[in-house]
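This report describes selected features of the structure shown below.

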Amino acid sequence: MEAMWRLGSRAIAEHPPLDEDAEVDVAVIGAGITGLTAALALAEAGQRVMVLEAGTVGGGVTGGSTGNLYATLASGLAPLRRKWGDQMTADVVRARAEAIDHIEALVARHAIECDFRRQPAYRLVTGERQPTPHDLEDELDALVGVGLEAELADGPGLPFDSWGIRIARQAQFNPLHYVQGLAHGLLGEGVVIHQHAPVREIDAGKELVRTDGARVTAKHIVQATHTPKGISLVQAGMPVSREYAVGARLRGDDYPEGIIWVLDPFHSLRSYRHGDERYLLVVGEKHPTGEHRGDHYQQLREYLARHFDVAAFTHHWSAQQYSSPDGLPYIGRMHGRDNLYMATGFAADGLVWGTLAGRIIADQILGRVNPWQACFGARRITPGKSALQYARENATVTKHMVKDYLGTEKLDGFDGIAPGQARVATVEGEKLAIHRTEAGDLKVLSAVCPHMKCIVHWNASESTWDCPCHGSRFDTEGEVIEGPAFHPLARPEGHR
Ligand SMILES: Cc1cc2nc3c(=O)[nH]c(=O)nc-3n(C[C@H](O)[C@H](O)[C@H](O)COP(=O)(O)OP(=O)(O)OC[C@H]3O[C@@H](n4cnc5c(N)ncnc54)[C@H](O)[C@@H]3O)c2cc1C
């Protein structure tokens with residue numbers, strides 16, 4: 001099912017498939033908030049830009065997000081301050097506040113109808129009120145210390161007892177409508193956006209990007225793909241996780257307003273109005289990608305039903321996040337190549353990071369000084385702040401490599417796989433990802449992820465094959481949905 005942001009969304013003019021070679025100044029790979037922010041800044045500065053998008057505009061994580069815009073971080077400012085100190089915490093908040101102002105300015109300049117509005121953000125607990133938990137005290141201190149208007153407050157009209165911190169003047173919008181608005185701005189600048197054009201190879205040395213049908217020569221190549229494609233140093237330390245969203249209509253008109261984070265341990269709530277209809281959205285149930293554990297949508301439906309008077313469940317979807325090992329995103333020129341750029345490690349905060357990233361990368365290409373470039377550089381190495389996370393991620397990859405290669409069941413054939421079932425198994429010495437559709441069709445793919453050879457796992461909530469090592473995901477035909485893999489899961493001999 002699709003995200004509720006698609007309600008009333010505007011189609012982007014389809015261009016013919018890219019089947020002729022082309023030459024541009026900048027190839028932007030990915031039409032999410034990062035790629036389109038960068039592309040617009042570059043096009044407005046006179047660069048010849050082409051956008052190559054594997055799916056559709058905003059169809060990646062941007063269109064699956066919650067649409068909350070805040071200068072703080074969803075995981076809290078206090079942990080960031082403990083790791084990085086006062087100055088970096090203040091820089092993070094200033095950079096993020098400026099990015100929200102930039103979004104607001106673009107909404108006004110391009111008359112983007114995306115329901116952008118300033119709203120407070122709440123960080124709430126549900127337990128005893130006295131004494132104030134240390135975590136909340138630390139958090140409030142960190143927020144006030146960087147100049148945010150934060151105070152202790154009750155939750156915003158929730159049907160359960162909640163209290164915590166209220167931060168004034170944050171914002172919300174419809175993230176899909178916003179990036180569709182950016183895309184229309186780009187079309188107005190003469191930029192071609194090729195949708196359904198997955199990039200299969202990047203050769204920055206040769207200034208070359210290859211799709212299935214064409215070769216694009218570009219002086220600069222921007223990987224606005226949420227995580228860099230192919231093998232990259234940063235992937236070794238970045239946990240990848242999935243999070244789920246459920247939308248509902250309530251009986252009555254009592255929808256809570258604002259950005260609402262309930263630390264129970266974590267649910268994010270917000271409401272949204274489309275025409276005469278109102279919706280309540282809950283996001284949560286985060287787990288490492290490839291380690292799917294039951295019916296996450298059902299858990300969220302039960303959460304909503306427990307707390308609200310639900311009339312109907314209307315939407316559900318999920319999305320992926322990549323967290324950086326030292327808590328800050330990686331933005332800008334990549335190691336080893338001055339003409340290749342990336343933006344990743346946004347965790348749950350990437351609508352704002354992505355906007356900042358788009359501006360930093362555009363400034364780097366244009367040779368302009370960006371005040372935030374040094375804080376979030378993609379070439380930084382911070383062993384003191386990231387070593388633990390690198391060690392954890394490497395242990396996870398090793399665990400999966402050993403367990404999945406040695407522990408896969410052996411099958412003599414596919415008869416035991418019933419309609420609707422999927423399994424990873426060794427058949428005639430080959431690791432296979434086997435799925436039988438509800439209609440009884442058998443789909444057999446290699447279970448070996450083409451990125452770094454881990455074994456994919458079945459994700460029953462979304463009927464996808466997910467790699468637990470670095471987050472590449474594939475549909476039941478094997479095509480890449482997201483993650484660092486360039487290429488689909490192979491089709492073994494006899495199953496093509
Ligand atoms: C459930 C959830 C809720 C969230 N809510 C919020 C929120 O409220 N506020 C917030 O600030 N952040 C939020 N985030 C994080 C935020 O949504 C993301 O960090 C941000 O949208 C990333 O934007 P992006 O443009 O970098 O990536 P994406 O939007 O994923 O765009 C990348 C694009 O690259 C394309 N692509 C990938 N590979 C290729 C290829 N080979 N060739 C061509 N194109 C390719 C993809 O199709 C995709 O469209 C949330 C994340 C999750 C998981």
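Strand S3 (residues 68–69) runs antiparallel to strand S6, and 2 bridges join the two. Leu69 has Ala171 as its bridge partner in S6. The model is a predicted one.

Two further strands are joined to S6. Strand S4 (residues 117–125) is also antiparallel to S6, with 8 bridges between them; here Arg123 has Ile165 of S6 as its bridge partner. Strand S5 (residues 150–154) is joined to S6 by 5 bridges, again in the antiparallel sense, and Ala153 stands opposite Gly164 in S6.

**Surroundings of the ligand**

The ligand has 36 residues around it, of which Thr34, Glu53, Thr62, Asn68 and Val199 come nearest.

| Residue | Part of the residue | Ligand atom | Distance |
|---|---|---|---|
| Glu53 | side chain, N or O atom | oxygen | 2.6 Å |
| Thr62 | side chain, N or O atom | oxygen | 2.5 Å |
| Val199 | polar backbone atom | nitrogen | 2.9 Å |

The ligand taken alone exposes 1000 Å², and the protein buries 95% of that area. Which elements each supply at least two residues of the shell around the ligand? They are helix H1 (33–44), strand S15 (310–322) and helix H6 (350–366). Helix H6 gives the most, with 3 residues in the shell.

Strand S20 (residues 430–436) pairs with S21 in the antiparallel sense over 5 bridges. Within this pairing, Ala433 has Leu445 of S21 as its bridge partner.

A further open sheet is built of 4 strands in the order S22-S23-S24-S25, with antiparallel pairing. Why is one side of S22 and of S25 left without a neighbour in the sheet? Strand S22 (457–459) and strand S25 (480–482) stand at the edges and each has a single partner strand, so one side of each lacks a neighbour in the sheet. Strand S23 (residues 464–466) pairs with S22 in the antiparallel sense over 3 bridges. Two tryptophans face each other as bridge partners in this pairing: Trp458 and, in S23, Trp465. In general terms, the strands of a sheet pair through backbone hydrogen bonds, in either a parallel or an antiparallel arrangement.

**A nonpolar patch on the surface**

Val402, Tyr405 and Leu406 form a nonpolar patch on the surface, and together they have about 310 Å² of accessible area. Val402 is found in helix H7 (residues 383–406). The relative accessible area of Val402 is 46%, and this residue is therefore partly exposed. The class of partly exposed residues lies between the buried limit of under 20% and the exposed limit of over 50%.

Definitions and conventions
Residues are numbered from 1 along each chain as its sequence is written. This is a predicted model: local features need pLDDT of at least 70, side-chain atom pairs count only at pLDDT 80 or more; totals for chains, interfaces and linings use all residues. Side-chain values use heavy atoms; hydrogens and water are left out. Two strands pair if DSSP finds at least two bridges between them. Patches are made of residues with over 30% relative accessible area and no salt bridge: like charges are joined within 9 Å, nonpolar side chains (Val, Leu, Ile, Met, Phe, Trp, Tyr) within 5 Å. Accessible areas come from the Shrake-Rupley method with a 1.4 Å probe; for residues, only the protein chains shown count as cover. A salt bridge is a side-chain nitrogen of Lys or Arg within 4 Å of a carboxyl oxygen of Asp or Glu. Buried means under 20% relative accessible area, exposed over 50%, partly exposed in between (1.4 Å probe, protein chains only). A residue is near a molecule or strand if one of its heavy atoms lies within 4 Å of it. A polar contact is a pair of N or O atoms within 3.5 Å; within protein, one must be able to donate a hydrogen and the other to accept it, and residues adjacent in sequence count only if both atoms are side-chain atoms.
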